[in-house]
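Here is a short report for a reader meeting this structure for the first time. Please keep the sequence and the model side by side while reading.

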Amino acid sequence: MKNIVTFFLVITFQFGFATEIDSLDLNPFLKLPQFSNSLLEDCDACGCSASGGSMGFASMLNTNFKGIRYFNQSYKSTDGLYSNSPWYNENFNTLQLWARIPVVKRVQISALIPYHFHNRETNSGTQNISGLGDITVLGMYQLYQTHKDSTLFIHSLQAGAGLKIPVGKFDATNNGSVNPSYQVGTGSWDYLLAAEYVIRRQKLGLNTLLNYVIKTENDKYYQFGNQFNYAGTFFYLLKRDEYSIVPQLGFAGELYESNYQLGQKVRNTSGDIFLGKIGFEVGKDKLSLGANVMLPIAQNLTGGNVEANYRWSLNFNYSL
C-alpha cells in the first residue's frame, strides 16, 4: 500500500509544473468531461458511511453544477461461525446534495452532503439507522491540458486534495458486528488525495483515476483502514441539436486496509473488490439526468463474511 501511495504522489508532482495551453469549452453539453462518474470511490470497507461510495463525485456532462443524487448499495453478510451460518441482507441508501463550483482559474471545489438511511436483517429482526452523514469537500487543480486543436489526442491531468468532516453519528455498538461500516458516519476527520487523467480523440475517450483516503482515529478510539481506489471509464459523446448523451462502460477497484480499535488491528476488516460498471448521462439546456450500475466481478471483503451484490445510482443536476 505504501508503494502505491508513493507512486501516486510522484505522478502528481511530476506534472505539477506543466503549463496550461488552452481551457475547455465552458458549455457543459458541448464538451467532453474533465471528471468521471467514479471519482472518489470511498466507501468504508463494505459500506457507504463516508461519502460517495463508488458512484462518483462529479457529473460527466456538467462542468459546474448543483444537484441531488440517490444511490443504493446491496450486501449480504454472515458471522461465518459455522458452515451453515445464515446470510442476512444489508441495504445502504443515501440521498445526497452535491455540487462543483469554480473558485479561480483552473481550480474547482466539490462538496457532498449526504443523508443515510440504512437497514439490515438480523437474527432478531430488521435494524434501521438514519441520519446526516459526513460532509466531504474536495479541491481539484488542472495541472495540464493539451490544445484541443493541436494534436490527434487530447490529454488532461488534474490533481487535488480534500477533507471529510465528521458530521454523521458514529455508533460504537456496531463495532463488533460483521460489517463495522454499518454507520451513518465514521466519527473521524479523514483526508483525501485524488488524481485524474483523461485521454480522448474526437467523441471517444478514456477517463482514469487514482484516489487515496487517509483515515484517522475517532473519539471512540476506532479507526477505519486507509483506502485506495482506482477506476477507468470509456465514454462516447453523442450530440444532437437539443440534447447530449454520454454512454459509459468501465471498471472500478477498491482496496481496504484493516481497521483498528484501541490501537489494535481488528481481524477480518481488510479486503478488496473489483467491479464492472455501465451508465449514461443525458442533458438538455441546463438540466441533466444520469444513471449508473455497478456489479462485482471479484471480491474478498472482511474475510469473505460480507459480499457485495450490486450498486446503482440516479442523479439530477442543474448546470451553473
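Where is Arg106 found? Arg106 sits in the loop between S2 and S3. The model is a predicted one, and in it Arg106 has a positive phi of about 75 degrees, although it is not a glycine. Most residues other than glycine have a negative phi. Arg106 is partly exposed, with a relative accessible area of 22%.

Asp285 also has a positive phi without being a glycine, at about 55 degrees. Asp285 is found in the loop between S15 and S16. With a relative accessible area of 60%, Asp285 is exposed.

## Confidence along the chain

Among the elements, strand S14 (residues 264-265) has the highest mean pLDDT, at 96. Helix H1 (residues 2-14) has the lowest, at 43.

Two stretches call for care. Over residues 4-43, pLDDT stays under 50. The model has 137 contacts beyond four places in sequence for that stretch. Over residues 45-55, pLDDT again stays under 50. For residues 45-55 the model has 69 contacts beyond four places in sequence.

## Salt bridges between strands

How many salt bridges does the structure hold? The count is six. One of them joins Glu90 and Arg120, with the closest N and O atoms 3.8 Å apart. Glu90 lies in strand S2 (residues 88-104) and Arg120 in strand S3 (residues 107-122), so this pair ties together parts that are 30 residues apart in sequence. Glu90 is buried, at 2% relative accessible area. Arg120 is buried too, at 7%.

Lys164 forms a salt bridge with Asp190, and here the closest N and O atoms are 3.2 Å apart. Lys164 belongs to strand S6 (residues 154-165) and Asp190 to strand S7 (residues 190-201), so the pair ties together parts that are 26 residues apart in sequence. Lys164 counts as buried at 3% relative accessibility. Asp190 counts as buried at 1%. Glu254 and Arg311 meet in a salt bridge as well, at 2.7 Å from N to O. Glu254 lies in strand S12 (residues 244-256) and Arg311 in strand S17 (residues 306-319), so parts that are 57 residues apart in sequence are tied together. Glu254 is buried at 0% relative accessibility, and Arg311 is buried at 1%. Salt bridges that share partners also join Asp134, Lys164 and Asp190 into one network.

## The largest nonpolar core

Which residues have the most contacts inside the largest nonpolar core? They are Tyr75, Ile273, Leu301 and Ala308. The core has 15 residues. S12, strand S15 (271-284), strand S16 (287-301) and S17 each supply at least two residues of this core.

Take Ala308 as an example. Leaving aside neighbours within four places in sequence, Ala308 is in contact with Tyr75, Ile273 and Leu301 among others. Its contacts also include Ser74, Pro296 and Gln299.

## Aromatic rings

The structure holds eleven aromatic pairs. One of them involves Tyr75 and Phe92. Is this pair stacked or edge-to-face? The ring centres lie 5.5 Å apart and the planes stand at 80 degrees, so the pair is edge-to-face. Tyr75 is in strand S1 (residues 65-77) and Phe92 in strand S2, so the pair links distant parts of the chain, 17 residues apart. Tyr75 is buried at 0% relative accessibility. Phe92 is buried, with a relative accessible area of 0%.

Some aromatic residues gather in a group. Tyr70, Tyr115, Phe117 and Trp312 form one aromatic cluster.

## Charges over rings

Two tryptophans have a charged residue over the ring face. Arg69 lies over the face of Trp98, at 4.1 Å from the ring centre. Lys76 lies over the face of Trp87, at 5.3 Å from the ring centre.

Key
Residues numbered from 1 in each chain as written. Predicted model: local features only at pLDDT ≥ 70, side-chain atom pairs only at ≥ 80, totals over all residues. Heavy atoms only, no water. Salt bridge = Lys/Arg side-chain N within 4 Å of Asp/Glu carboxyl O. Helix = DSSP H or I, 4+ residues; strand = E, 2+ residues; numbered from the N terminus. Buried < 20%, exposed > 50% of the residue type's maximum accessible area, 1.4 Å probe, protein only. pLDDT = per-residue confidence, 0-100. Contact = heavy atoms within 4.5 Å. Core = buried A, V, L, I, M, F, W, Y, C linked by side-chain atoms within 4.5 Å. Phe/Tyr/Trp six-rings, centres within 6.5 Å; stacked < 30°, edge-to-face > 60°. Lys NZ or Arg CZ within 6 Å of the ring centre and 35° of its normal.
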